[in-house]
Amino acid sequence: MGRRILPKMDRSVDFSGHYRELADVAPDFELPNWFPMPGPLEIEVGSGKGLFLLTQSGLFPERNFLGIEIAKKYARFSAYRLAKFERTNAKMIRGDAIKFIQENVADNSLAAMHVYFPDPWWKAKHRKRRVVSEELARLAETKLFVNGELHFWTDVHEYFETGCESILAATQFLHGPIGEEPLLENGDLPYRTHFERRMLNNSHDVFRCKFIRRLDARVADSSVQTQS
Ligand SMILES: C[S@@+](CC[C@H](N)C(=O)[O-])C[C@H]1O[C@@H](n2cnc3c(N)ncnc32)[C@H](O)[C@@H]1O
């Protein structure tokens, strides 16, 4: 993701309880049992430096959060910060999110799946590497419980349009744009992730959409909400 160097990690912080390599996940691994308290589970695909997980796990201690990040340095950094701030309800898996979800997440078990600013893979020959695809949509529909939510935000309009089309083509999700978020009380721009903060600070548009799992309904609402 970003080009910036990560802050130094304090070696005295033990984050082993917050971090696992996908390759080390045992066949009998029970994801809900990894968390000390039961609660609705939300997954972030490609969590980068982990700002969303850190913020949301503090705001919603009754929910559990799992970040899945393929880049080792970001996955370790996110786990380190979750441990440093004593978040017992948020953990990191290092590996491919699609593979982990396919193999380790029970059907009808997720409250939400979050995909924020996935890599756009600009070159046409690389587009097939995009995370937001019909495959991800079908996976989300299988793993979310009824009324569970899939959030997809990006600054790339073309990815937003084709991503939303893929999701609607592959699923029966309800679809709706998310409205503008108000400024925070201290006047800061609202943001959920590092990438979003960077986009808003540079006055870039952000395209946000939320899909809700239904059993049998689809609403053809393709309106687009932007915020600059
Ligand atoms: C552009 S960054 C955005 C990070 C964060 N969501 C944000 O908004 O700040 C995309 C992240 O997705 C990760 N990623 C890409 N493909 C992935 C995959 N298949 N599984 C897990 N993480 C992935 C990348 O390593 C990168 O950290």
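Guide: Contact here means heavy atoms within 4.5 Å, and helices are DSSP runs of H or I with at least four residues, numbered from the N terminus. This is a predicted model, where local features need pLDDT of at least 70 and side-chain atom pairs count only at pLDDT 80 or more, while totals for chains, interfaces and linings use all residues. Residues are numbered from 1 along each chain as its sequence is written, and side-chain values use heavy atoms, with hydrogens and water left out.

Visitor: What meets Glu135, Leu136, Leu139 and Lys143 in H4?

Guide: Ile98, Ile101 and Gln102 in H3 do.

Visitor: Why are H3 and H4 called roughly parallel?

Guide: Their axes, lines fitted to C-alpha atoms over the stretch in contact, cross at roughly 30° and come within 11 Å. Angles under 35 degrees count as roughly parallel, over 145 as roughly antiparallel, 65 to 115 as roughly perpendicular and the rest as oblique. H3 and H4 are therefore roughly parallel.

Visitor: And what makes H4 and H5 oblique?

Guide: The axes of H4 (residues 134-143) and H5 (residues 157-170) cross at roughly 50° and come within 8 Å. That angle puts H4 and H5 in the oblique class, therefore.

Visitor: Which residues make that contact between H4 and H5?

Guide: Glu134, Ala137, Arg138 and Glu141 of H4, with Ser166, Ile167, Ala169 and Ala170 of H5.

Conventions
Axes fitted to C-alpha atoms, helices over the stretch in contact; angles between N-to-C directions. Helix = DSSP H or I, 4+ residues; strand = E, 2+ residues; numbered from the N terminus.
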